[in-house]
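Open the model in your viewer and keep the selection tool ready. This tour goes stop by stop, with something to select at each one.

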Amino acid sequence: MGLKGTKIYSIFTGKCPVCHTGPMYKNSNPYHFSQTLEMHEHCPHCHVKFKIEPSFFYGAMYVSYAVGVAIAVAAFIIAFFFIGLGRLHTFFVIMGTLIVLLPVILRLSRNIWINFFFKFDGKKV
């Protein structure tokens, strides 16, 4: 069964935080830019409503900032200390990494945010 039933599973797979079965996003590919943040209104499996109040996902912006900083720090450590690039090249590596991973960061931050408010229910699997 693995990680199913944990918040980590829902966060990294984009599955419903309640049943861990239904997908939250209409398109599983975050790099389909016109649909990166298009979500189902309700879970196709357990019918839980994802957007529990208007502007619910504005809080994910704060999570997005933290995730972006963590990725930028990781890119800095790899580029500067392990690869040995100079400061300017390291800056470009950080910027490139953040630009390339932007759709993933956006989804990951929404997944983290929604998992603060919903709990896994094994009866809805």
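Buried means under 20% relative accessible area, exposed means over 50%, and partly exposed lies in between (1.4 Å probe, protein chains only). This is a predicted model, where local features need pLDDT of at least 70, side-chain atom pairs count only at pLDDT 80 or more, and totals for chains, interfaces and linings use all residues. Residues are numbered from 1 along each chain as its sequence is written, and side-chain values use heavy atoms, with hydrogens and water left out.

**Stop 1: the whole chain**

Show everything as a cartoon. The protein has four helices and zero strands. Helices (H or I, at least four residues) and strands (E, at least two) are DSSP runs, numbered from the N terminus. Along the sequence, the pattern reads α-α-α-α. The C-alpha atoms fill a box of roughly 55 × 30 × 25 Å, taken along the principal axes. Of the 125 residues, 34% count as buried.

Now consider contacts, meaning heavy atoms within 4.5 Å. Take those with a separation of 6 or more: 60% of them join residues 24 or more positions apart.

Next, colour by pLDDT, the predictor's confidence in each residue, from 0 to 100. The protein averages 95, and 99% of the residues score at least 70. Which helix has the lowest mean pLDDT among the elements, and which the highest? Helix α1 (residues 7-13) has the lowest, at 96. Helix α3 (residues 87-100) has the highest, at 98.

**Stop 2: the core**

Select Cys16, Cys43, Cys46, Val48, Phe50 and Ile114. These have the most contacts inside the largest nonpolar core, which has 21 residues. A nonpolar core is a set of buried Ala, Val, Leu, Ile, Met, Phe, Trp, Tyr and Cys residues joined through side-chain atoms within 4.5 Å. Two elements give two or more residues to this core: α2 (60-83) and α4 (102-117). The largest share, four residues, comes from α4.

Zoom in on Cys46. Leaving out residues up to four places away in sequence, Cys46 touches Cys16, Val18, Cys19 and Lys124.

**Stop 3: where α3 meets α4**

Select both helices. Two packed helices are described by the angle between their axes and the distance between the axes. Here the axes of α3 and α4 come within 4 Å and cross at roughly 60°. Axes are lines fitted to C-alpha atoms, for helices over the stretch in contact, and angles run from 0 to 180 degrees between N-to-C directions. The two helices, α3 and α4, are therefore oblique to each other. Angles under 35 degrees count as roughly parallel, over 145 as roughly antiparallel, 65 to 115 as roughly perpendicular and the rest as oblique.

Show side chains at the contact. From α3 come Leu98, Ile99 and Val100; from α4 come Leu102, Pro103 and Ile105. By class, the contact has six nonpolar, no polar and no charged residues. Ala, Val, Leu, Ile, Met, Phe, Trp, Tyr, Cys and Pro count as nonpolar, Asp, Glu, Lys and Arg as charged, and the others, Gly among them, as polar.

**Stop 4: Ser109**

Stay on α4, where Ser109 is found. Is Ser109 buried or exposed? Ser109 counts as buried, because its relative accessibility is 2%. Apart from neighbours within four places in sequence, Ser109 is in contact with Ala60, Val63 and Ser64. Now pick Val93, 16 residues away along the chain: the C-alpha atoms of Ser109 and Val93 are separated by 22 Å.

**Stop 5: the loop between α1 and α2**

Most residues other than glycine have a negative phi. Select His20, in the loop between α1 and α2. His20 is not a glycine, yet has a positive phi of about 60°. At 2% relative accessibility, His20 counts as buried.

Move to Ser55, in the loop between α1 and α2. Ser55 also has a positive phi of about 60° and is not a glycine. Ser55 counts as partly exposed, at 40% relative accessibility.

Then select Lys51, which lies in the loop between α1 and α2. Lys51 is partly exposed, with 41% relative accessibility. Not counting residues up to four places away in sequence, Lys51 touches Glu41, Phe56 and Phe57.

**Last stop: Ile77**

Finish in helix α2, at Ile77. Ile77 counts as partly exposed, at 35% relative accessibility. Draw a distance to Arg107, 30 residues apart from Ile77 along the chain: their C-alpha atoms are separated by 24 Å.
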